[in-house]
Amino acid sequence: MIGALNHVAVVVPDLSKACRLYESAFGCTPSPPVAVPEHGVTVVFIELSNTKIELLEPLGAHSPVRKFLERNPAGGIHHICLEVPDMDEAVDRVAGAGVRVLGDGSAAIGAHGKPVLFLHPRDCLGTLVELEEA
């Protein structure tokens, strides 16, 4: 069911500072920042040869990643994103295994313009898992 690792998401308190770090320390070229108001974040992607790093900064007072930063002021890994070929099949499979889907259980359109949904971290070994239809 799982395809590739699409990205690892890192919440950061200062997106500009994080981009400078990836440029100067690692020689990466960050994408331009994109505001994604429906998810309450501004995102930047760092393209690697085999996956991406997604840098997330809160957008607005009700951003879902704001609480993460309150608990982790320096930022940190927020979630991993796994590609699935068919979202409906993936939801049926994880639900059948007792894994809860967050929200109303239906996919939303993510930062890549593809259907995404999140799985409860308590059911995924303490890790917030995003599924993205590839």
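## Helix α3

In this predicted model, helix α3 spans residues 87-96, and its buried residues (under 20% relative accessible area with a 1.4 Å probe, protein chains only) are Met 87, Ala 90, Val 91 and Val 94. They lie on the same side of α3 because they cover an arc of only 100° around the axis. On the other side, Asp 88, Glu 89, Asp 92, Arg 93 and Gly 96 are exposed, that is, over 50%. Helices here are DSSP runs of H or I with at least four residues, and strands are E runs of at least two.

The buried residues of α3 pack against β5 (76-84), β7 (115-119) and β8 (129-133), with contact meaning heavy atoms within 4.5 Å. At the N-terminal end, Asp 86 caps α3, with a side-chain oxygen 3.1 Å from the backbone nitrogen of Asp 88. Gly 98, with a positive phi near 85°, follows α3.

## Second largest pocket

The second largest pocket holds about 180 Å³ of space. Ser 63, Pro 64, Lys 67, Phe 68, Arg 71, Asn 72, His 78 and Leu 128 line this pocket. Helix α2 (residues 66-71) gives the largest share of the lining, 3 residues.

A pocket is an open set of points on a 1 Å grid where a 1.4 Å probe fits, with protein on both sides within 12 Å along at least five of seven lines; lining residues have an atom within 4 Å of a point.

## Basis of the values

Residues are numbered from 1 along each chain. Local features need pLDDT of at least 70 and side-chain atom pairs count only at pLDDT 80 or more, while totals for chains, interfaces and linings use all residues, and side-chain values use heavy atoms, leaving out hydrogens and water.

Terms used:
The arc is that of the directions from the helix axis to the C-beta atoms. A polar contact is a pair of N or O atoms within 3.5 Å; within protein, one must be able to donate a hydrogen and the other to accept it, and residues adjacent in sequence count only if both atoms are side-chain atoms. Grid points are joined across faces, edges and corners, and a volume is the space filled by probe spheres set on the points.
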